[in-house]
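Thanks for coming, everyone. Let me put the structure up, and then I'll go through the contacts.

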Amino acid sequence: MTVEQTEAPAEATRWLCEMCGFIYDPEEGDPDSGIPPGTPFEDIPDDWMCPICGAEKSDFRALEPGEFPEM
Amino acid sequence: MITGYGHFVQLAESLQWDETTIDLTADAEAWPKLEQEEFDQVLGLLAGFCVGETSVATHLTSFQSAASTDDRMVEVLQAQARDEARHARFFDRVVREVAEIPGDTMADRIDALRDRISPDLLELFEERLPATAARVAEDHEQLTAAVGLYHMILEGVVLTAGQHALLQALKGCSVKMPGMVKGMELVLRDERWHIGFGSRVIQSADVVDDQMEELLTQGVKAASAWGDLISHDDIKHVEHLHQRRLKSVGIKFW
């Protein structure tokens with residue numbers, strides 16, 4: 001008999017606005033700006049802006065898994 | 001969601017700058033060549049910043065005492081107070097060295113510029129903010145409401161609108177003023193994390209319905225505080241940013 005091993009789904013990468021600390025979580029998206037939940041950061045249009053400070057997409061960086069646990 | 005207070009302390013440390021090292025020589029040479037309309041708009045906005053930044057730098061102390069149970073928040077507020085004092089010194093340096101506004105002290109120069117500032121702007125920074133700071137000093141439970149006024153309205157709406165308008169005006173001027181542009185960009189960069197921090201406080205707080213309504217209506221009204229120094233389109237843009245920011249921190253009002 002074999003035991004099926006299932007891998008936990010990889011956590012989607014979250015992105016940090018380096019200007020104001022806002023974190024884009026792909027699971028939440030940004031529905032108020034027309035970005036539905038489940039949208040990876042890479043798929044957001046280039047003219048999207050940080051909902052908190054108005055910074056550009058290029059001002060974000062990918063967070064390492066577990067980075068900034070203090071929420 | 002917004003990152004924790006520790007991040008803002010680190011961010012503030014990494015973004016320090018010195019207003020005395022900005023070269024304003026070219027700006028001072030260009031200033032007399034400004035066209036009248038440019039002169040009125042730029043000096044009017046500078047006047048507003050002298051009042052606004054001086055007031056916010058002064059009254060942030062009350063917030064620190066109200067946050068005294070949270071060491072991390074106090075650290076962030078201290079870092080922010082350092083920024084605000086630097087901004088006030090930068091704008092005072094510009095009006096002194098570039099616009100050559102007379103006066104022995106910053107207060108003297110503000111008095112000399114007072115006629116250029118709208119009554120609404122003066123009311124926000126010289127009456128409402130001091131009154132709010134006094135309330136939060138007396139009753140620390142008022143901290144969320146105070147952050148709502150200070151970070152979300154005054155910084156997120158009023159100062160942001162003025163900063164974008166001044167930067168836009170400087171870049172569109174008939175003469176170049178690179179020192180002022182450089183300083184404004186650095187001020188704007190600081191303000192982004194201040195607004196992020198305020199948004200974090202609001203997001204964590206239990207904001208009740210009437211506070212939500214007040215944040216929305218005050219923000220929309222405050223967007224017009226600069227009078228005709230800012231275009232209607234820019235006012236609408238800042239209102240939109242304010243509403244979007246409130247939604248992002250969980251304040252749903254429609």
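Start between the chains. Across the interface of chain A and chain B, the rule finds eight residue pairs in polar contact, both residues at pLDDT 80 or more. A polar contact is a pair of N or O atoms within 3.5 Å; within protein, one must be able to donate a hydrogen and the other to accept it, and residues adjacent in sequence count only if both atoms are side-chain atoms.

Ground rules, quickly. This is a predicted model: local features need pLDDT of at least 70, side-chain atom pairs count only at pLDDT 80 or more, and totals for chains, interfaces and linings use all residues. Residues are numbered from 1 along each chain as its sequence is written, chains are lettered from A and ligands numbered from 1 in the order in which they are written, and side-chain values use heavy atoms, with hydrogens and water left out.

Back to the interface. On chain A, 24 residues are in contact with 24 residues of chain B, where contact means heavy atoms within 4.5 Å. The two chains bury about 2,000 Å² between them, 53% of it on carbon and sulfur atoms. That area is the accessible area (1.4 Å probe) that two parts lose on being put together, summed over both.

How many salt bridges cross this interface? The rule finds two. A salt bridge here is a side-chain nitrogen of Lys or Arg within 4 Å of a carboxyl oxygen of Asp or Glu. One joins B:Arg244 to A:Asp30, with the closest N and O atoms 3.0 Å apart.

Over all chains, the structure holds 18 salt bridges. The B:Arg244 pair crosses between chains, from helix H10 (residues 232-248) of chain B to the loop between S2 and S3 of chain A, where A:Asp30 sits. Helices (H or I, at least four residues) and strands (E, at least two) are DSSP runs, numbered from the N terminus.

Are these two partners buried or exposed? B:Arg244 is buried, at 9% relative accessible area. A:Asp30 is buried too, at 6%. Buried means under 20% relative accessible area, exposed over 50%, partly exposed in between (1.4 Å probe, protein chains only).

B:Lys236 forms a salt bridge with B:Glu239, 3.3 Å between the closest N and O atoms. They are three residues apart in the helix, so about one helical turn separates them. B:Lys236 is partly exposed at 42%, whereas B:Glu239 is buried at 10%.

Now chain A. It has zero helices and three strands. Of its 71 residues, 41% are buried.

Next, the rings. Over all chains, a search finds 16 aromatic pairs. Rings of Phe, Tyr and Trp (its six-membered ring) pair if their centres lie within 6.5 Å; planes under 30 degrees apart count as stacked, over 60 as edge-to-face and the rest as tilted. A:Phe22 and A:Phe60 are edge-to-face, at 6.4 Å and 80°. A:Phe22 is in the loop between strands S1 and S2 and A:Phe60 in strand S3, so the pair ties together parts 38 residues apart in sequence. Both residues are buried. A:Trp48 pairs with A:Phe60 as well: centres 5.3 Å apart, planes at 55°, so that pair is tilted.

Zoom out one step. A:Trp15, A:Phe22, A:Tyr24, A:Phe41, A:Trp48 and A:Phe60 form one aromatic cluster. A:Lys57 lies over the face of A:Phe41, 5.3 Å from the ring centre. The rule there: NZ of Lys or CZ of Arg within 6 Å of the ring centre and within 35 degrees of the ring normal.
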